[in-house]
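Me: Hey, I've just opened this one and would like to go through it with you.

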Amino acid sequence: MIVFNSIKEFNKAKENFDSLSFIPTMGNLHRGHISLIDTAKEYKNKVIASIYINKLQFNDKNDYLNYPKTIEDDINILEKHGCDYVLIPDESIIENIINIKAPPISNKLCGQSRPGHFDGVLTILNKFFQIIDPEIVFFGKKDYQQFVLVRDFILDNNLNIKIVGVDTVREDSGLALSSRNNLLSNQEKIIATELYKALKDIAINKTNLNSNLINLKKDYLKSLDINVDYLISCDPDTFEECYKINEKDILVAIAAYVGKIRLIDNIKLTKL
């Protein structure tokens, strides 16, 4: 595996590369990231990952400063799982960057409490796309809103990039894997499993999908001292509240605080 510690270093080498499959990360890698590498390895291309903590997508400066940095472990994980290249740019990547304004659907779900977050995500991804010129990019579906926004950005800008969504990887308890899970106490981890249980209960009862069912689950989670940011049944493309499971697939998405840690998850309900 070749590690590039600057864009300049990468640019010197990239003219010798064939088509690339790209996995953007902010480091602190876990099995969810490994599943992206494993999926990318199923395609014919060489695989490149990036490690860059993108300050543009953080609303809270302290959140950015406290983001866990495990660069040596990350490099070892990527090499062990067959990544071919890693790009680790310095802050020069955001010099003269073109600022991207995310579309209105970015203001729903996570965008309601994290204004500007998806502007920062699309801005840095656009820069990485320009630098790497990937044929395929891979994103986890745990952050389904991000996946849709990147998918639509690629389509709207006629970028010659295929996007592949990879299913959420979970702990044995059902808790969606996240770097933030490391910040939970053992007791909080147990409580956090209730998020996925709530989603599964909604899926089991999807024939009765309505606002009452959603509100019952919200109230139950609140009774466990879980601070629910949102729990919504919505259209998976527009994120508009929707219960028409007879007509289309539905996304049920949740964001909630367990203690001080904000977690997200979702489940896709197939049309009846």
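Me: How many bridges join strand S8 and S9?
Reply: Nine, with S8 (residues 250-258) and S9 paired in the antiparallel sense. Strands are DSSP E runs of at least two residues, helices are H or I runs of at least four, numbered from the N terminus, and a pair needs at least two DSSP bridges. It's a predicted model, where local features need pLDDT of at least 70, side-chain atom pairs 80 or more, and totals for chains, interfaces and linings use all residues. Numbering starts from 1 along each chain as its sequence is written, and side-chain values use heavy atoms, without hydrogens or water.

Me: Which residue of S9 stands opposite Leu251?
Reply: Lys268 takes that place in S9.

Me: And what sits between S8 and S9?
Reply: Two residues separate them, making a hairpin. Gly259 lies in that turn and has a positive phi of about 65°.

Me: How many residues of S9 are buried?
Reply: Eight of the nine in S9 (residues 261-269), so that strand is mostly covered; buried is under 20% relative accessible area, exposed over 50%, partly exposed in between (1.4 Å probe, protein chains only).

Me: Switching topic: what order do the strands take in the open sheet?
Reply: The six strands run S1-S4-S3-S2-S5-S6, with parallel pairing. At the edges are S1 (2-4) and S6 (162-166), each pairing on one side only. From one strand to the next, the twist averages 25°. Angles here run from 0 to 180 degrees between N-to-C directions, using axes fitted to C-alpha atoms, for helices over the stretch in contact.

Me: How many bridges hold S5 to S6?
Reply: Five, and S5 (residues 136-140) runs parallel to S6.

Me: Which strands does helix H1 touch?
Reply: H1 (residues 7-14) packs on the sheet against S1, S2 (20-25), S3 (46-51) and S4 (85-87). Its direction makes about 130° with that of S1. Contact means heavy atoms within 4.5 Å.

Me: At what angle do H1 and H6 pack?
Reply: About 35°, with the axes of H1 and H6 (residues 117-132) 10 Å apart. On the H1 side the contact uses Ile7, Phe10, Asn11 and Lys14, while H6 brings Gln130, Ile131 and Ile132.

Me: Is Asn158 buried or exposed?
Reply: Exposed, because its relative accessible area is 69%.

Me: What about Asp225, what phi does that one have?
Reply: A positive one of about 65°, although Asp225 is not a glycine. You'll find Asp225 in the loop between H9 (211-223) and S7 (227-234). Asp225 counts as exposed because its relative accessibility is 68%.

Me: Buried or exposed, then, for Glu194, and why?
Reply: Buried, because Glu194 has a relative accessible area of 16%.

Me: Which residues is Glu194 in contact with, leaving aside neighbours within four places in sequence?
Reply: With those set aside, Glu194 contacts Tyr220, Leu221, Leu224 and Ile226.
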